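Reader: Hi! Could you walk me through this one in plain words?
Author: Happy to, let's look at it together.

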2 protein chains.
Amino acid sequence: MTVTPPVGDPAFEDLTARARIRDVALRLFAERGIEGATIRDIAKEAGVSAGLIRHHFGSKEGLREACDTHMLDRMMRIKEDAVLRGGMGDAGLFMSVHPTVLLGYRYFARAMVDGSPAAETTFDHMVDLGEEWLTAHGQVDTSDPRAYAAVLVAMQAGLLMMHDHVSRALGADVFTPEGSLRMIRAMVDFYSHALLSPELAAQAQAVLGQLGDQQPPTAAEPGSAGEGADDDRRDPH
Amino acid sequence: MTVTPPVGDPAFEDLTARARIRDVALRLFAERGIEGATIRDIAKEAGVSAGLIRHHFGSKEGLREACDTHMLDRMMRIKEDAVLRGGMGDAGLFMSVHPTVLLGYRYFARAMVDGSPAAETTFDHMVDLGEEWLTAHGQVDTSDPRAYAAVLVAMQAGLLMMHDHVSRALGADVFTPEGSLRMIRAMVDFYSHALLSPELAAQAQAVLGQLGDQQPPTAAEPGSAGEGADDDRRDPH
DNA sequence: GCGGGGACTATACAAGCGTATAGATTGCTG
DNA sequence: CAGCAATCTATACGCTTGTATAGTCCCCGC
């Protein structure tokens, strides 16, 4: 489950306690979520007392904000570095297997589920990037590039959240080289071919057109299907 | 944020307390996660005492299992109903806007993040279905239909987890008719066209081929990019 | 040498959690 | 009507959580 084993890495003990706490927090927040990772757990894995976390970061929220800004900074620098030394050709693919970037994606994907300002910023930024890319390489004919980009980014982030289920379905951990290769291959397949045939796509478009005119079913419509067979309802008396 | 307002729906008060608790729990679990929804919150919204939940379900884990099996049963019955009365043509599209199915998807997507046996079963089942569909309608040429299906299902479920970020990017709640229509339109666009051009796809395939031969970068390789500029490292003394 | 301040620990505290238990209420049945 | 079982509430217990505080250690400038 762990991506970067904290103890045992000789560079880890060389870090200051503050950096060690932050790195452990980044990993545990990504793995267990904000609420799931306790101050005491982080302190234990970082090899410090719980009080020291408060001393350095003020509160758990402060630690989380420090994680946010630090990881945001790291990923921005990696991204700038990548676009500087070469086009986004295979750089994007390389980045997806870069351990730091992978941790960053996992961290922010988790933060998006838990809710955090930095995660929102990251999401919006990636949607902006995707929208620009779509309009620049205008090969995808969509009438709504922003919605398209939003769906794309959300799916990508969501895929990371489901990693252990994908691993189970594949029979191989997607964070090992073999598993990740197999998953990325499937992703490339997914991105390079249309899933829906032109007939199915036209059919879906037609249904969407009808749905756009009439009123779609709202949430306040229970009992339309699959209900009424279990004894939920109280007997009238 | 709420999909089905509990109080105000005249059918809601007619339910037994047990069913009321279960329905509220399903919604709160889907919205806030298992840990995020407390027994007391559920009791409050269901209009009962916290002790009654224990009386009916034994424990929080019991309540969760009851939610799992109940929602599993509901969705299976809806699915059977759908395939019985017509092909899966636009039924799949209709189902995606069906309020009960939408709640079910949200519930299980959340349960997949939190980890639950029923969520695993649901995920695996959907992967199986997707794989069958892919091999039956063999229009997508992938060498690994299982991985393809797993990625597809994971992305779909992950998209639901990111709904408020998609809503923010779109400027409209995706659970309102307008927002959902716009998102589903983008999804149909996404599914009916290839995102990557043949050139980019070939390029990606080539990189993947190289990556398959050599050893990909492992997790234990820090400092490759974007590090070393901040004063993390302790001064030697 | 000697204050002084940052790094760090140990301990305690209030709040919220799931859970347990005792008792009140209700409705059915003999 | 008595009795019993199911339903439901009120209250408390133990645990974990984030947080607060007091105190120790150690390096560094004067």
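Author: Let's start with a pair of helices: helix 7 of chain B and helix 9 of chain B are roughly perpendicular to each other (angles of 65 to 115 degrees count as roughly perpendicular, under 35 as roughly parallel, over 145 as roughly antiparallel and the rest as oblique). Before we go on, this is a predicted model, where local features need pLDDT of at least 70 and side-chain atom pairs count only at pLDDT 80 or more, while totals for chains, interfaces and linings use all residues. Residues are numbered from 1 along each chain as its sequence is written, chains are lettered from A and ligands numbered from 1 in the order in which they are written, and side-chain values use heavy atoms, without hydrogens and water.

Reader: Thanks! At what angle do helix 7 of chain B and helix 9 of chain B cross?
Author: They cross at roughly 100°, and their axes come within 9 Å. Axes here are lines fitted to C-alpha atoms, for helices over the stretch in contact, with angles from 0 to 180 degrees between N-to-C directions. Helices are DSSP runs (H or I, at least four residues; strands are E, at least two), numbered from the N terminus.

Reader: Which residues of helix 7 of chain B meet helix 9 of chain B?
Author: L102(B), Y105(B), R106(B), A109(B), R110(B), M112(B) and V113(B) do, and their partners in helix 9 of chain B are A157(B), L160(B) and M161(B). Contact means heavy atoms within 4.5 Å. By class, this contact of helix 7 of chain B with helix 9 of chain B has eight nonpolar, no polar and two charged residues. Ala, Val, Leu, Ile, Met, Phe, Trp, Tyr, Cys and Pro count as nonpolar, Asp, Glu, Lys and Arg as charged, and the others, Gly among them, as polar.

Reader: OK, chain A now. How far apart are the axes of helix 7 and helix 9 of chain A?
Author: Those axes are 9 Å apart, and helix 7 (residues 99-114) of chain A packs against helix 9 (residues 145-161) of chain A at about 100°. The two are therefore roughly perpendicular. In helix 9 of chain A, A157(A), L160(A) and M161(A) meet residues of helix 7 of chain A, including L102(A) and Y105(A). That contact has eight nonpolar, no polar and two charged residues.

Reader: Back to chain B: at what angle does helix 2 pack with helix 7 of chain B?
Author: Helix 2 (residues 17-32) of chain B packs with helix 7 of chain B at about 55°, with the axes 8 Å apart. That makes helix 2 of chain B oblique to helix 7 of chain B. Among the residues that meet are L26(B) and F29(B) in helix 2 of chain B, and L103(B) and Y107(B) in helix 7 of chain B. This contact has five nonpolar, no polar and five charged residues.

Reader: Let's switch to the DNA. Which residues come nearest to DNA strand C?
Author: S49(A), T38(B), R40(B), R54(B) and K60(B) come nearest, out of 15 residues around DNA strand C (near means a heavy atom within 4 Å). Sugar and phosphate account for 62% of the atoms of DNA strand C that come within 4 Å of the protein.

Reader: What lies 2.7 Å from a phosphate oxygen of DNA strand C?
Author: A backbone N or O atom of S49(A) does. The side chain of H56(A) has an N or O atom 3.1 Å from a phosphate oxygen of DNA strand C, while the side chain of R40(B) has one 3.0 Å from a base nitrogen. Polar contacts like these are pairs of N or O atoms within 3.5 Å; within protein, one must be able to donate a hydrogen and the other to accept it, and residues adjacent in sequence count only if both atoms are side-chain atoms.

Reader: Which helix gives the most to the surface near DNA strand C?
Author: Helix 4 of chain A, with four residues.

Reader: And what about DNA strand D: how many residues surround it?
Author: 15 residues do, with T38(A), R40(A), R54(A), K60(A) and S49(B) the closest. A polar side-chain atom of R54(A) lies 2.2 Å from a phosphate oxygen of DNA strand D. Helix 4 of chain B supplies the largest share of the surface near DNA strand D, four residues.
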